[in-house]
Every structure is written in C-alpha cells, then in structure tokens.
Amino acid sequence: MTKGHTMTAGHNPVTDSKGQNKPMNYQDDVFRRRERLLLGAALELFRARGWEQVTVAQVADSAGIGKGTVYKHFAAKESIYARLALEFSERCLACYREVPPADSPLHALRTVIRMAFDLMQQNPTEVQLSLYCERPEFQERLDPEVQSRFIRLENEYSALFNEFIEAAVARGEMAAVSTEAVYWGIEAGFHGVMARIAAGGFGRWCGTPDMSRYFDHVADFMIAGLVGAPAIRPEPPTQGSPDSQGEKE
C-alpha cells in the first residue's frame with residue numbers, strides 16, 4: 001500500500017467532489033459506478049456529436065438510466081463539462097509527474113511540454129471542454145467545491161512548473177527570473193496550441209507543417225524564451241517627439 005492512501009477493511013476508496021479519498025460502502029459503490037457510467041456515456045456522445053449539441057436526456061438514454069437520475073450526480077450539463085475537464089487535467093498532471101529527472105531540467109521541461117501537446121491532440125474533445133471551463137463566467141456558476149478543485153489543480157500545475165524553473169536556475173541553465181512572468185508566457189503558448197487543436201488543426205490555406213512539427217516548433221520556442229533575449233519593450237517617447245507632444249496636448 002502506498003503512502004498517503006488508507007483503506008478501511010471491507011471497503012474500497014471513493015473520490016468525493018473535492019477529489020479526496022474516503023471509505024466507500026455499498027451505496028457509495030453503486031453511486032460511483034453509475035456516475036462513471038454517466039461520464040463515460042457523456043464523453044462518448046460529446047466526441048461523436050459535439051459537446052454543445054448533446055442533451056442531458058441523450059446522456060441518460062445512452063447510459064440506460066432516467067433523466068432525473070442524472071441530476072442526482074450533476075446539477076446541470078455544465079457540471080459534466082467541469083468534471084470531464086478536471087479529470088483530464090488531473091490525468092495529464094499525473095503523466096507529467098512521472099517524467100524521469102534529467103541532467104538538464106529544461107530538457108525535462110521540454111519533454112513535459114511535448115508530452116502535453118501529444119496528450120491534447122489525442123483528446124481534442126477534452127481540450128475543447130477545458131477551454132470552455134476556463135471562462136470566468138463559467139467558473140462563477142460552479143459549485144464552490146468544484147471551484148476549489150480547479151484552483152487546487154492550477155496551484156499544482158504552477159508548483160510543478162516552478163520546480164523545473166528553480167532547478168534550471170540552480171544548474172545555471174537560465175538566469176533567475178520572475179516565475180510568474182515566465183509561467184504566463186508558457187501558459188499563453190499552451191493556450192495557442194489548445195485553440196489550434198480545438199479548431200481541428202490548420203485550414204487548407206495555411207502552409208504550416210503537420211501537427212507534430214508544429215508541436216516541436218512551439219516547444220522549442222517556449223524553451224528558447226526561457227533562456228533567450230530579454231523582453232523588448234517600447235521606449236518612452238523622447239522630448240520633442242510627436243508622441244511626447246501628443247501627450248502634452
């Protein structure tokens with residue numbers, strides 16, 4: 001038994017809405033199995049028909065249960081979106097944590113970035129749901145416990161990224177920088193890739209290479225940004241220039 005996971009004799013662990021394990025009795029087991037059935041049916045329908053088009057009634061019918069039973073598990077279809085997006089992100093994070101340490105922390109970080117792109121390409125529906133679930137107005141409608149789960153997951157991603165950056169600085173691979181600044185730069189790159197995957201790739205008019213080469217280019221660009229030139233910022237207008245005169249006016 002691994003550290004941090006306990007089990008009561010005669011029970012199996014179940015995950016509650018906070019993502020925590022707790023002892024499970026027979027009713028919990030039935031509830032959990034039905035919930036997994038609903039999530040599996042929903043994801044299959046989302047992939048086949050488009051997540052925006054599928055109704056709760058269709059999810060219930062596919063799972064072979066009554067529509068009213070769905071609401072015992074999920075307050076609305078958006079709650080299903082959130083659960084699927086959270087579980088996808090949690091699975092991805094678990095994969096990133098399994099990347100073996102390398103002599104070069106930045107090389108290990110690139111491995112994680114490239115792995116992330118592949119995982120997202122393999123799961124475009126989950127990527128679409130993740131982008132939707134990041135909207136502030138969407139998250140404000142979620143149950144507080146689900147909101148806390150999103151926040152906790154974001155903090156775990158930030159902590160993992162910080163570990164890579166701190167290790168790279170310690171090994172002299174990059175200068176000490178504001179981790180917040182570089183994190184948002186990396187995050188912007190991820191969002192660009194997610195949007196491209198969610199859109200289904202590149203249009204016919206674009207001469208961009210295949211997605212694998214595209215992922216390589218973006219991953220290289222991200223790492224280069226961590227070790228490359230300082231940011232270029234606009235110079236303040238000099239006295240007497242048209243811009244400075246405009247400011248006076």
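So, to start: is Y157 buried, partly exposed or exposed? Y157 is partly exposed, with a relative accessible area of 22%. On that scale, buried means under 20% relative accessible area, exposed means over 50%, and partly exposed is in between, with a 1.4 Å probe and protein chains only.

Before I go on, a word on what we're looking at. This is a predicted model, where local features need pLDDT of at least 70 and side-chain atom pairs count only at pLDDT 80 or more, while totals for chains, interfaces and linings use all residues. Residues are numbered from 1 along each chain as its sequence is written, and side-chain values use heavy atoms, with hydrogens and water left out.

Okay, the overall layout. The chain has 11 helices and 2 strands. Those are DSSP runs numbered from the N terminus: helices are H or I with at least four residues, strands are E with at least two. Walking from the N terminus, the order is β-β-α-α-α-α-α-α-α-α-α-α-α. There are 249 residues, and 34% of them count as buried. The accessible surface comes to about 15400 Å², and carbon and sulfur atoms hold 53% of that; the areas come from the Shrake-Rupley method with a 1.4 Å probe, and for residues only the protein chains shown count as cover.

Now contacts, meaning heavy atoms within 4.5 Å. Take the contacts with a separation of 6 or more: 65% of them are between residues 24 or more positions apart.

Back to Y157, and its partner. Two rings of Phe, Tyr or Trp (its six-membered ring) pair if their centres lie within 6.5 Å; planes under 30 degrees apart are stacked, over 60 edge-to-face, and the rest tilted. That rule gives 12 aromatic pairs. One of them is Y96 with Y157: the ring centres are 6.2 Å apart and the planes sit at 70°, so this pair is edge-to-face. Y96 belongs to helix 4 (residues 77-97) and Y157 to helix 8 (residues 144-170), so to speak a link between distant parts of the chain, 61 residues apart. Y96, at 7% relative accessibility, counts as buried. There's also an aromatic cluster, made up of F46, W51, Y81, Y132 and F138.

On to charges. A salt bridge here is a side-chain nitrogen of Lys or Arg within 4 Å of a carboxyl oxygen of Asp or Glu, and the structure holds 13 of them. With E35, its closest N and O atoms are 2.9 Å apart. R83 is in helix 4 while E35 is in helix 1, so this bridge ties together parts 48 residues apart in sequence. R83 also meets E87 in a salt bridge, at 2.7 Å from N to O. That one stays inside helix 4, with the two residues 4 apart, about one turn of the helix. R83 is buried at 16% relative accessibility, E35 is buried at 9%, and E87 is buried at 11%.

D29 counts as buried at 16%, whereas R32 is partly exposed at 29%. And R110, R114, D118, D216 and D220 are linked in a salt-bridge network.

Next, helix 6 (residues 124-133). Of its 10 residues, 7 are buried, so the rest of the structure largely encloses it. The buried ones are T125, E126, V127, L129, S130, Y132 and C133. Their cover includes helix 1, helix 4, helix 5 (105-122), helix 7 (136-140), helix 8 and helix 9 (179-198).

Last stop, the second largest pocket, with about 760 Å³ of space. On a 1 Å grid over the protein atoms alone, a pocket is an open set of points with protein on both sides within 12 Å along at least five of seven lines, and lining residues have an atom within 4 Å of a point. Points are joined across faces, edges and corners, and the volume is the space filled by probe spheres set on them. It has 29 lining residues, and the closest to its centre are S89, E134, E154, Y157 and Y183. Helix 8 gives the most to that lining, with 9 residues.

Definitions and conventions:
1 Å grid on protein atoms, 1.4 Å probe; cavity = no way out; pocket = protein on both sides within 12 Å on 5 of 7 lines; lining within 4 Å.
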